[in-house]
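Hello,

Here is the structure we talked about.

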Amino acid sequence: MKRRIIFAYLVLSVRAFGWGELGHKATAEISYRFLTPKAKQMIVEILGPNTHITGAVFPDEVRSDIRFDAFKNYHFLEILPGKGVAESLEENKA
């Protein structure tokens with residue numbers, strides 16, 4: 001019985017790790033392909049060429065670094081259509 005509980009815990013805990021690095025990178029690449037040319041150019045101007053994939057895992061890599069604490073709310077921010085970043089941040093504070 002004890003082994004079954006431990007096995008179930010291990011199997012279910014793997015899902016707690018979420019997408020992981022590979023999943024984040026794959027999602028970044030797929031979503032990048034759907035961006036407009038203007039949006040792609042903005043990403044290049046902010047991050048540099050071919051860095052959208054690196055940017056997809058950066059928040060996870062610096063999560064425990066206190067220098068980036070001010071940006072933690074952005075990590076899980078969902079921006080709904082028709083709303084901006086500032087408005088979405090304000091709504092998520094509640």
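Below is what turned up, starting with the whole chain and ending with single residues.

**Overall**

Keep in mind that this is a predicted model. The protein has six helices and zero strands. Along the sequence the pattern reads α-α-α-α-α-α. Of its 94 residues, 12% count as buried. The protein exposes about 8,400 Å². Carbon and sulfur atoms supply 64% of that area. Take the contacts with a separation of 6 or more: residues 24 or more positions apart account for 26% of them.

**The largest pocket**

About 1,200 Å³ of space lies in the largest pocket. Its lining has 32 residues. Which of them lie nearest the centre? They are G55, A56, P59, Y74 and H75. Four helices each supply at least two lining residues: α2 (20-33), α3 (37-47), α4 and α5. By type, the lining divides into 18 nonpolar, nine polar and five charged residues.

P59 deserves a look here. This proline sits in helix α4. P59 is partly exposed, at 30% relative accessible area.

**The aromatic pair**

How many aromatic pairs are there? The count comes to one. The pair is F58 with F68, and the ring centres are 5.5 Å apart. Their planes stand at 85°, so the pair is edge-to-face; the cut-off for that class is over 60 degrees. F58 lies in helix α4 (residues 52-61), while F68 lies in the loop between α4 and α5 (72-75). The pair therefore ties together parts that are ten residues apart in sequence.

F58 is partly exposed, with a relative accessible area of 38%. F68 is also partly exposed, at 25% relative accessibility.

H52 is found in helix α4. At 13% relative accessibility, H52 counts as buried, because the cut-off is under 20%. Leaving out residues up to four places away in sequence, H52 touches A28, E29, Y32, I43 and L47.

V57 is found in helix α4 as well. V57 has 5% relative accessibility and counts as buried. With residues up to four places away in sequence left out, V57 touches E21, H24 and K25. V57 and L22 are 35 residues apart along the chain, and their C-alpha atoms are separated by 8.9 Å.

Where is S88? It is found in helix α6 (residues 85-93). S88 is buried, with a relative accessible area of 3%. Which residues does S88 touch, not counting those up to four places away in sequence? They are L77, E78, I79, L80 and K83.

**If you only have a minute**

Look at helix α4 first. It holds P59, F58, H52 and V57. Helix α4 also supplies at least two residues of the lining of the largest pocket. Then turn to S88 in helix α6.

Best wishes

Definitions and conventions. Residues are numbered from 1 along each chain as its sequence is written. This is a predicted model: local features need pLDDT of at least 70, side-chain atom pairs count only at pLDDT 80 or more; totals for chains, interfaces and linings use all residues. Side-chain values use heavy atoms; hydrogens and water are left out. Rings of Phe, Tyr and Trp (its six-membered ring) pair if their centres lie within 6.5 Å; planes under 30 degrees apart count as stacked, over 60 as edge-to-face and the rest as tilted. Buried means under 20% relative accessible area, exposed over 50%, partly exposed in between (1.4 Å probe, protein chains only). Contact means heavy atoms within 4.5 Å. On a 1 Å grid over the protein atoms alone, a cavity is a set of points where a 1.4 Å probe fits but cannot get out, and a pocket is an open set with protein on both sides within 12 Å along at least five of seven lines; lining residues have an atom within 4 Å of a point. Grid points are joined across faces, edges and corners, and a volume is the space filled by probe spheres set on the points. Ala, Val, Leu, Ile, Met, Phe, Trp, Tyr, Cys and Pro count as nonpolar, Asp, Glu, Lys and Arg as charged, and the others, Gly among them, as polar. Accessible areas come from the Shrake-Rupley method with a 1.4 Å probe; for residues, only the protein chains shown count as cover.
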